[in-house]
Amino acid sequence: MPSSETDRAISVTLPDGAALELPAGATGADAAAAIGPGLAKAALAIRVGDEIRDLARPLGDGEAIQIVTRKSGDDYLWVMRHSAAHVLAEAVQAIVPGAKLGFGPPIADGFYYDFDLPRPLTDEDFPAIEAEIRRIVSEKAPFERTVMSIEEARGFFADRGDEYKVDQVEELGRQGEVEVSIYRQNDFVDLCRGGHVHHTGEIGAVKLTSLAGAYWRGDERNPQLTRLYATAFPTSKELDAHLERLEQARARDHRRLGRDMELFHFDDAGPGFPFFLPKGMRIIREVEGAVREELERMGYEEIATPTILSDELWRKSGHWDHYRENMYLTEVDGQGFAVKPMNCPGACLVYRSTRRSYRELPLRLAEFGHVHRHELSGVLHGLFRVRAFTQDDAHVFCRPDQIQDEVVAILEMIDRFYARFGFDRVLLGLATRPEKATGDAATWEHAEAALRAALGDREYVVKEGDGAFYGPKIDFQVTDTMGRLWQLGTCQLDFFMPERFDLSYQTAEDTQARPVLIHRAITGSIERFLGILIEDTGGDFPLWLAPVQARVLPIADRHADHAEAVRGALVAAGLRAEVDARAESVGKRIRDGELAKIPYLLVVGDKEQAGDAAALRGRHGADEGTMPVGDVVDLLVARARA
RNA sequence: GCCGACGUAGCUCAGCUGGUAGAGCACUUCACUCGUAAUGAAGGGGUCCCCGGUUCGAGUCCGGGCGUCGGCUCCA
């Protein structure tokens, strides 16, 4: 708040690095006016650091600011969509009288608005709502900002029966706000921190995209609201381009490519349980091979532990208390068993199978563990969220003083592995103590500090309360083709499992000590990793991963034997090759080979047969000419290794 | 699990207000034996997701279940 004349002036930084001096308490609007009258008129909002703010909010000393106008690209889209959300809400209230308002923020690629509705909404209502939006847009109704005290706003929204807005006003009050801003267009009024276009006419093409249920404040104990997703662009041309991009992204969907390329299959006989087809297994074996190379290099030993183990074991491990509802249980001969949802108890039993010395530590035990988890039906999603998957799991048992080095080595291993597959945008997260946790606060803090130290100066986000019940973790996330985030690798500290299983080792001083357990996975889940790999490459796998690396096409029947010989030479050299000798034209078979995304097509006719050669065609028509079969084999082997 | 939509041949889909199913691609066979992105013809293939109900009659209407898709919540 602007106050006495004793306040000093403030200074903010503009995008070009210049400093702008303003009186204390100056707002974004003041800043825009200070820069120029044109900008003052065009200004819609202001970006301060990562945040887009209302022009009416006072600026702080030293802040880096950027005025948002119609020409601000993504920032403009953000502001315009925020305004579009208000118009959507006005339209919905016109179509469905009595609709109560939840939240309605802009999000990546669009915006949504939550409603508590007197009647269910279906997509048949979309055209009417869109028509109403267009009508409101054509009115060019101004967005007007007013300010109310918390008490005034509470009463205002209570009178209107907008209970969720009342809840939010109260929440803001608890957060220490003394007044809130209200935006109005036509008769529509919304509690809103703002940043809006001047009038509804500045909203471009709006399209409703989907309908979903969403809990108030994201808590399933709260009422479920109806969420209407939509997007908006300045022009319908840009909207169409966006819809076209979405369509292209859908073509990379691993579920679609997995079926088209015959990699895997899902069957009603086992919802969430993937069936891997021969070509899918070829890729999986390559991925596993890459993991095993790392295991060898980093001093791991591979083990295998049983899929089904006594429920006694799961009681001891803590899974019974924390995870039972997600476990597949069975009973045989009057004894309870559970299908493993994790591999750690098995690894602990391996550790405990003999007496351990400090000289053996760190003991790194790896396992390709096939685990089963009964996930809720609504969360299943292709290979990304399944009910049975293979963890490239490992458990490192070490002394407390070895934690740092081990975690550092694991992070480096994961980095190297992802780089090999060409994953560049990997997000790191540090997940800390959750509500449902075992162990004391001091132990947790110690563990979290160890992980922070190992992360060093890497970029990562802290996810408060997102850790496993037994310890904090570092996780590695990547996005799929639709922008959803999925966790792959993980590195978790566990101070509790060794306790529960009473694990120990003999120290140099001939005493018994408790090892620390580190859980880690590189791919996290081979299945999920494959899904990401499919979407990342769009099915155009690098040569070394391609399920079929080369296909030989004999021009006519009389070239079949030579084609077979070429295939034999490729296979003998360790390449995955096949022959397409169907009675179809060469053009047709070339086309089919391209559509099957096969890296190399080898055409053989009279000329090639006579010279024991093959004509090499790379993906997308790259003609590399005719060369002796031996040369083709050497060339492809070299490229597959690169 | 919750909200919404959807479920017809291996795939993509058509099938109007109820009258017991159709196309393209794929597959099989035949003819053609072809030089770098679709040769032609013929043929096989369906418990219209499942279970009930309404009706003379249900792919179509109603109820329940299962599955899939988009979200929410969850995710060791």
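Arginine 47 sits opposite isoleucine 52, a residue of strand E4. The model is predicted: local features need pLDDT of at least 70 and side-chain atom pairs count only at pLDDT 80 or more, while totals for chains, interfaces and linings use all residues. Residues are numbered from 1 along each chain as its sequence is written, chains are lettered from A and ligands numbered from 1 in the order in which they are written, and side-chain values use heavy atoms, with hydrogens and water left out.

Back to the strands. Helices (H or I, at least four residues) and strands (E, at least two) are DSSP runs, numbered from the N terminus. Two strands pair if DSSP finds at least two bridges between them. E3, residues 45–48, is joined to E4 by three bridges, and the two run antiparallel.

What is the order of the strands in the open sheet? It is E4-E3-E5, with antiparallel pairing. E4 (51–53) and E5 (65–68) are the edge strands with a single partner each, so one side of each has no neighbour in the sheet.

Now helix H5, residues 150–159. Ile150, Ala153 and Phe157 are buried there, meaning under 20% relative accessible area, with exposed being over 50% and partly exposed in between (1.4 Å probe, protein chains only). Seen down the axis of H5, the buried residues fall within an arc of 65°, taken over the directions from the helix axis to the C-beta atoms, so they line one face. On the other side of H5, Glu151 and Asp159 are exposed. After H5 comes glycine 161, with a positive phi near 75°.
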